[in-house]
Amino acid sequence: MNEATITSTPPLLVCKQVSKRYGTFTALAPTDLIIPKGRIVGLLGPNGSGKTTLIKLINGLITKSSGEIQVDGHLVGVESKQLISYLPDRTYLNMSNTVSSVLDMFQDFYKDFDRERAISMLDSLGISPKTRLKTMSKGTKEKVQLILVMSRNAKLYILDEPIAGVDPAARDYILRTIIQNYNPEASIIIATHLIADIEQVLDDVIFLQNGNVMLYNSVENIRMQYEKSVDEYFREVFRC
């Protein structure tokens, strides 16, 4: 595994020999990662590489087979979950709800939810709080879900495929929202296979393949060392 000398900032996320097995199948091999505060990290790999497994382990949604995970010094549990704002790859919202009722739900669930920030972003898109989710286009639903996640004052934001299946204009908006609405003392992990679309916003990248970390390095180091973009280098590493 290639280690990046990224920053002396105190670590926000620490994974020590974390693994996940299902019987004889290893979804994630023993993995060591240290992600500092104030970084935007791309979690990159083909389908089945272990991205979602790692994300679910960090969020405490599945039980690890070995190792230890700490978020801002807290082991995965009730306290760590309060520090993470998570956007899954599939919606969990009731499509019959109005935007206003979803805002109410987030305000009830999360002490760090900034309703005014969410409303401001919704206003910028011309989305009325009275609108029902089921009447929206896919791209608009994606934007609303991202606004909800990014309106929390969290320590760690984890976004699983936030730009998959939406048009280029929606992708641009989503990336701007990510950049403009997170605490610089926090960090963001973005899992995606659409590398060219998000490379511009990334500080660091993690390459996963078959449950193994193949590389963890800064975008700057990759460009300097290999004289390639991250997308070009990724295609070279994972060439069939």
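**Pockets and a cavity**

Tutor: By this rule the count comes to one cavity of 30 Å³ or more. A cavity is a set of points on a 1 Å grid over the protein atoms alone where a 1.4 Å probe fits but cannot get out, whereas a pocket is an open set with protein on both sides within 12 Å along at least five of seven lines. This is a predicted model, where local features need pLDDT of at least 70 and side-chain atom pairs count only at pLDDT 80 or more, while totals for chains, interfaces and linings use all residues. Residues are numbered from 1 along each chain as its sequence is written, and side-chain values use heavy atoms, with hydrogens and water left out.

Student: What volume does the largest cavity have, and which residues line it?
Tutor: Rolling a probe the size of a water molecule over the atoms shows where empty space is left. Here the largest cavity has about 40 Å³, a volume being the space filled by probe spheres set on the points, joined across faces, edges and corners. Its lining, meaning residues with an atom within 4 Å of a point, includes Tyr-86, Phe-106 and Gln-145.

Student: Which element gives the largest share of that lining?
Tutor: H5, with three residues; helices (H or I, at least four residues) and strands (E, at least two) are DSSP runs numbered from the N terminus.

Student: And how much space lies in the largest pocket?
Tutor: About 420 Å³. Of its 16 lining residues, Lys-81, Gln-82, Ile-84, Tyr-110 and Arg-152 lie nearest the centre, and E6 gives the largest share, three residues.
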